[in-house]
Amino acid sequence: MTRALSFLDPLHRIPGLRVSFVYRVPDVDVDGQRDEVIERLRPFFLARVQAVFGKEDWWRAEQVHGKGIAEVTDGEPFELVGVDGLTTISPGQVLGIYVADCAPIWLADRRSGAIGLLHSGRKGTELGILRAGLEQMAESYGTRPEDVVGVLGPCIRPPDYDVDFAADIVRDAQEEGVGEFHDSGINTGADLDAFYSYRVEKGRTGRLLALAMRVPS
């Protein structure tokens, strides 16, 4: 099913950047553990990555609900353990983050071309993963917050969750001086036709996929 990706428009307007998002896939059995369900969804994820990025695979983070960030350079993509965020300045490297209520955060440095993709749930937000991602991009690529365009994607929000960590992420972006930050405002818990929701579906659900790549020149 093709759905609108208009919440990514601020990133679509940046030259040299390609981004995407995979919504809920109809008619796939998601009653299972995370890894087995992701394996069932993998053919659909692969089809999107091939269609949008022309690639055979993507880099993944283990996603331990922390604030660890890994830098992607070159090589064959694999899962990077112990981290919840990925960054790169290398063209042609597809970054991917799985979510099912936690927030995907896209970061793009308009000056250097560096990009970041973060997995930020309640715990990761409390730990300051957005700040950690910006600091890592500053150290590795010279990124300045004022040059960054950020997008906060679909995630669970009140009244379907008792903590509004999305509002905390927006506040963090403001405090860090992010030049342009956009909140999709979309609640994954309110639309199970479009999204997977770990909380609403009691943990037996699939995963959405956020994607980003710097386009080779």
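1. Ser 20 is buried, because its relative accessibility is 2% and the cut-off for buried is under 20%. Keep in mind that this is a predicted model. Ser 20 belongs to strand S1, residues 17-22. Its side chain makes a polar contact of 3.2 Å with the side chain of Arg 48. Leaving aside residues up to four places away in sequence, Ser 20 also touches Leu 5, Leu 8, Val 52, Phe 53, Trp 106, Leu 209, Ala 210 and Leu 211.

2. Next, the aromatic residues. The structure has nine aromatic pairs. Take Phe 45 and Tyr 98: their ring centres are 5.8 Å apart and their planes meet at 35°, so this pair is tilted. The two residues come from distant parts of the chain, 53 residues apart. Phe 45 sits in helix H2 (residues 34-53) and Tyr 98 in strand S6. Are these two residues buried or exposed? Phe 45 is buried, at 0% relative accessibility. Tyr 98 is buried too, at 5%.

3. One aromatic cluster is made up of Phe 7, Phe 21, Tyr 23, Trp 106 and Phe 195. Trp 106 is also among the residues that Ser 20 touches.

4. Now the largest pocket. Its space is about 490 Å³. It is lined by 24 residues, and those closest to its centre are His 65, Ala 100, Cys 102, Tyr 198 and Arg 207. Strand S6 (95-99) and helix H3 (122-127) are the elements that each give two or more residues to this lining. By class, the lining has eight nonpolar, eight polar and eight charged residues.

5. Some backbone points deserve a look. Most residues other than glycine have a negative phi, and most peptide bonds are trans. Asp 101 has a positive phi, near 125°. Asp 101 lies in the loop between S6 and strand S7 (103-109). It counts as buried, because its relative accessibility is 7%.

6. Gln 63 also has a positive phi, near 70°. Where is Gln 63? It lies in the loop between strand S2 (59-61) and strand S3 (69-72). Gln 63 is buried as well, at 13% relative accessibility.

7. Last, a cis peptide bond. It joins Pro 158 and Pro 159, with omega about 10°. Pro 159 is in the loop between strand S9 (148-152) and helix H5 (165-176).

How values were computed: Residues numbered from 1 in each chain as written. Predicted model: local features only at pLDDT ≥ 70, side-chain atom pairs only at ≥ 80, totals over all residues. Heavy atoms only, no water. Helix = DSSP H or I, 4+ residues; strand = E, 2+ residues; numbered from the N terminus. Buried < 20%, exposed > 50% of the residue type's maximum accessible area, 1.4 Å probe, protein only. Polar contact = N/O pair within 3.5 Å; in protein donor to acceptor, adjacent residues only side chain to side chain. Contact = heavy atoms within 4.5 Å. 1 Å grid on protein atoms, 1.4 Å probe; cavity = no way out; pocket = protein on both sides within 12 Å on 5 of 7 lines; lining within 4 Å. Points joined across faces, edges and corners; volume = space filled by probe spheres on them. Nonpolar A, V, L, I, M, F, W, Y, C, P; charged D, E, K, R; others polar. Phe/Tyr/Trp six-rings, centres within 6.5 Å; stacked < 30°, edge-to-face > 60°.
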